Amino acid sequence: MLVGPIINGAAIAIGGILGAVLGRYIPARVREALPMTFGCASMGIGIALIMKVNSIPAVVLSMLLGSLIGELCQLERGIEKLALKLRKFVDKPKPDQVLIASREDFVEKYVALVVLFCASGMGIFGSLTEGISGDPSLLIAKAFLDLFTATIFAITLGYAVSLIAIPQFIIQTILFFLAIIIQPLISANMFADFSACGGMIMLATGFRICGIKSFPVANMLFSLLIVMPISAFWITLF
């Protein structure tokens, strides 16, 4: 039964609405401090996932090729344009609303949130785990984190944050139903490299959220599609 993706998607939708509606009641020091904490947590999770790597050359090659494909396809620019359209469609600021994000700041943080919510190792691994074993505990734990994250960022980014629940739910649902088919084809070493690749993207996302360095994280997502085949080839070759 599909449980985790529903709970996780609902958490983002609810958090986005709560943050947009109740944002003016949350102190400015909280709005400024917590995103830094979320960025730090993203970097910590990324490092933990990277430590599971099996074949470093395979992961590095996947990151390079995946980023090249992303740059050529201009995936991040497409997400940026869509994000701005969503903002105009769903957000109509009122005089007392705390919607203070500039166009650049909105795009910067919104793209990072899309990656954080939709492409985190915890979400992907949790979806696969529930599909195989029926245990939704990982996605439920992620839902608590996403609820608070969506609430805080929606204070300045508005209702558009809640719409990220749609692509996240679709991705997790697809992984859930494909888990039984994919699982026999995945070895422990392949999944370790997959986790490490996701960890690198999570690390870059953390840097972006904290405002340290603006990595093109959306363009890196293609790495997740090719890392396991490359890992399998590398293991066979060497």
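A residue is taken as exposed when its relative accessible area is over 50%, as buried when this value is under 20%, and as partly exposed in between. The structure described here is a predicted model. By this criterion F238 is exposed, because its relative accessible area is 64%.

The structure contains 4 aromatic pairs. One of them joins F207 and F215, whose ring centres are 6.0 Å apart; the planes stand at 55°, so the pair is classed as tilted. F207 has a relative accessibility of 26% and therefore counts as partly exposed. F215, at 30%, is likewise assigned to the partly exposed class. A further tilted pair is formed by W234 and F238, with a centre-to-centre distance of 4.4 Å and an angle of 40° between the planes.

Helix α8, which spans residues 165–182, supplies the largest share of the patch, with 6 residues. I181 is located in helix α8. The relative accessibility of I181 is 57%, so this residue counts as exposed.

Conventions: Residues are numbered from 1 along each chain as its sequence is written. This is a predicted model: local features need pLDDT of at least 70, side-chain atom pairs count only at pLDDT 80 or more; totals for chains, interfaces and linings use all residues. Side-chain values use heavy atoms; hydrogens and water are left out. Helices (H or I, at least four residues) and strands (E, at least two) are DSSP runs, numbered from the N terminus. Buried means under 20% relative accessible area, exposed over 50%, partly exposed in between (1.4 Å probe, protein chains only). Rings of Phe, Tyr and Trp (its six-membered ring) pair if their centres lie within 6.5 Å; planes under 30 degrees apart count as stacked, over 60 as edge-to-face and the rest as tilted.
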